[in-house]
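Try each one yourself before you read the solution.

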Amino acid sequence: LFWSSPQHYLGLTPSMATTSRIQVFDTTLRDREQAPGFSMTAAEKLRLAQQLDRLGVDIIEAGFPISSDGDFEAVRTIAGAVRRPIIAGLARAIPADIDRAWAALSQAARPRIHVFLATSDIHLDHKLRISRAECLAQVASAVAHARAYCDDVEFSAEDATRSDLAFLCEIAEAAVAAGATTINLPDTVGYALPTDIERMFTAVGARVGQRAVLSAHCHNDLGLAVANSLAAVLAGARQVECTINGIGERAGNAS
């Protein structure tokens, strides 16, 4: 039944599965490095970025520029040397990160600033120690700051699958209103099931799906990263974030 009708298996209607193009966002150069033993030098990152370019990857996340001088140099080198794909740099939703990301990306032919902030109550209360209202304000401010540098801005709601769905929709609205062109909904702790993913993407897509590309970023703690990514695509996502062979943080990413 699954192979003959995946939409039926996932509880989706045929209208949710369109034939529009899916963009591959490869984060091997960023998220893969969070797996022990897989860090790379700037030269190694450039070689791999060139291979990803040859594979036809649409977006290459080249690194997290503020995390180290080495990562900054790697992102800057890739931005200057790899010209066909979009080159993305990761930044927390704070001005210094965004400024540093742009400094690394400014020579890219097709730059993207990728801003993230956690949106689940457990992260807001115990990690960030901010309220939902403060989170909304920070998202809007950070995305607007990034958009002042770059027309292509992605916002990721860290821990989206454990976030209150109504609040997550508010966050997506705020990010798009501030200029985000892609909204990424990660299963940060890798605990969701395909039905959870379908429900989340359907709800957020109803709010912002006509104004921004929806993106999936799934982790493999339950062995469901690829299945959840496919569920997201069937529910309207048009970008999938993945790594070569699924290598990444903890049990890995979607392969």
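**Exercise 1.** Find the loop that holds Leu193, then say whether Leu193 is buried or exposed or in between.

*Solution.* Start with the elements: Leu193 sits in the loop between β6 (182–187) and α8 (194–208). Helices (H or I, at least four residues) and strands (E, at least two) are DSSP runs, numbered from the N terminus. Next, the accessibility: Leu193 has a relative accessible area of 41%. Buried means under 20%, exposed over 50%, and partly exposed in between (1.4 Å probe, protein chains only), so Leu193 is partly exposed.

Two ground rules: this is a predicted model, where local features need pLDDT of at least 70, side-chain atom pairs count only at pLDDT 80 or more, and totals for chains, interfaces and linings use all residues. Residues are numbered from 1 along each chain as its sequence is written, and side-chain values use heavy atoms, with hydrogens and water left out.

**Exercise 2.** Trace the chain from β6 to β7 and work out how the two strands pair.

*Solution.* First, β6 and β7 run parallel, joined by 6 bridges; strands pair if DSSP finds at least two bridges between them. Then follow the chain: it goes from β6 through α8 to β7, a right-handed β-α-β crossover. Right-handed means that, with the strands pointing away from the viewer, the path from the first strand over the helix to the second runs clockwise.

**Exercise 3.** How many residues of β7 are buried?

*Solution.* Strand β7 covers residues 213–218. Of its 6 residues, 5 are buried.
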